[in-house]
Amino acid sequence: MYCLDVGKRNKISANMENNITGDSGDGESKEKKYICEKNNDITPPVNSDSILEESDAIDDSSNPAVDFIVVYNKHKYDITFNSNKTVKELKAYLQGLIGVPENLQKVMFKGLAKDEQTLKELDVKSGAKVMVVGSKLDQVLAVKSGPQEVASDEKVITKEPLCKQKMHVKILEKGIPDDIMVGIKNAKDPLPSHPLAGMLNKNGGKVRLTFKLELDQLWIGTKDRTEKISMNSIKTIVSEPIEGHEEYHIMGFQLGSSEASRYWVYWVPAQYVDSIKSAILGTWML
């Protein structure tokens, strides 16, 4: 089957008549209609403009690379990366470029990016700036390898749960703070964009935790002051659910080489415990 433009057929007929009559053929009809006839040797007319447009669309979909800038430790790197690839794949690529293991990297773009997200999902566009924070492995090991207290097997066996220990009981007996965030048992949520507030410290005062991932810092704020702590200086984090209120935890941030250096925070919402540990220690330490 083929379609022949009526106007073109008329023009051919007119030209044949012109050879005989001398007619100029100015009265050619411009009406666009097609007559289909049986002939396998002739194909329908094709719009060349539509071919170019379709070709461009194919090129765009097959080459989804995006050019952006990675900022790490005050250095800028021009990156071209497939927008369909994930943050985890980007970290693996950056490991060889900036020397930071992928499990120690935190990628920041409109907040903390999740490993499973693609650059397209994050809406990373040409010219965008993506921030990466994290320390090289030798720097982390230098901080983590300080002298540690070693407890005997007997002490480990007889050690009471945190919520039963005298130093913690006196805080827990005050009850759940009125303005504490709602805790959710057996849930794992990402860190919120706002500080975690309404919790208590070992003195019974109100404390808030702000996670400045772009600075690789934890800010511990009270009524009187805000202490800015490098996340790399936090050697470990311990936490246990509070008996009878398992939707909340007691959490201790160890800032020095011994347990005595732990900064205790009470009534931490359970759904954020894993995210706090991951953000500060990195997944490789969990």
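Here are some notes on the pockets, aromatic contacts and nonpolar core of this predicted model.

1. **Ground rules.** The model is predicted, so local features need pLDDT of at least 70 and side-chain atom pairs count only at pLDDT 80 or more, while totals for chains, interfaces and linings use all residues. Numbering runs from 1 along each chain as its sequence is written, and side-chain values use heavy atoms, with hydrogens and water left out.

2. **Largest pocket.** A pocket here is an open set of points on a 1 Å grid over the protein atoms alone, where a 1.4 Å probe fits, with protein on both sides within 12 Å along at least five of seven lines. The largest one has a volume of about 900 Å³, a volume being the space filled by probe spheres set on the points, which are joined across faces, edges and corners. Its lining (residues with an atom within 4 Å of a point) runs to 37 residues, and Leu 112, Ala 113, Lys 114, Pro 190 and Leu 213 lie nearest the centre.

3. **Who lines it.** Helices (H or I, at least four residues) and strands (E, at least two) are DSSP runs numbered from the N terminus. α3 (87-98), β5 (106-108), β8 (206-212) and α8 (273-281) each put at least two residues into the lining of the largest pocket, and α8 gives the most, with four. By type, that lining splits into 13 nonpolar, eleven polar and 13 charged residues. For the bookkeeping, Ala, Val, Leu, Ile, Met, Phe, Trp, Tyr, Cys and Pro are nonpolar, Asp, Glu, Lys and Arg charged, and the others, Gly among them, polar.

4. **Second largest pocket.** This one holds about 300 Å³ of space. Tyr 72, Asn 73, Val 132, Val 133 and Gly 134 are the closest to its centre, out of 14 lining residues. β3 (65-72) and β6 (129-133) are the elements that give two or more residues to this lining, with the largest share, three residues, coming from β6. The residue types come out at five nonpolar, five polar and four charged.

5. **Aromatic pairs.** There are two aromatic pairs, meaning Phe, Tyr or Trp rings (the six-membered ring for Trp) with centres within 6.5 Å; planes under 30 degrees apart are stacked, over 60 edge-to-face and the rest tilted. Phe 81 and Tyr 93 make a tilted pair, 5.5 Å centre to centre with 45 degrees between the planes. Phe 81 sits in strand β4 (residues 75-82) and Tyr 93 in helix α3, so the pair ties together parts twelve residues apart in sequence. Tyr 248 and Trp 267 are edge-to-face, at 5.7 Å and 75 degrees. Their strands are β12 (residues 245-254) and β13 (residues 262-269), and the two residues are 19 apart.

6. **Lysines on Trp 219.** A charge sits over a ring if NZ of Lys or CZ of Arg is within 6 Å of the ring centre and within 35 degrees of the ring normal. Lys 212 does this on Trp 219 at 4.8 Å from the ring centre, and Lys 228 lies over the face of Trp 219 at 4.4 Å.

7. A nonpolar core is a set of buried Ala, Val, Leu, Ile, Met, Phe, Trp, Tyr and Cys residues joined through side-chain atoms within 4.5 Å; buried means under 20% relative accessible area, exposed over 50% and partly exposed in between (1.4 Å probe, protein chains only). The largest core has 38 residues, with Leu 209, Phe 211, Phe 253, Ile 276 and Ile 280 making the most contacts inside it. β13 brings the largest share of this core, six residues. Helix α8 is mostly covered, with seven of its nine residues buried.
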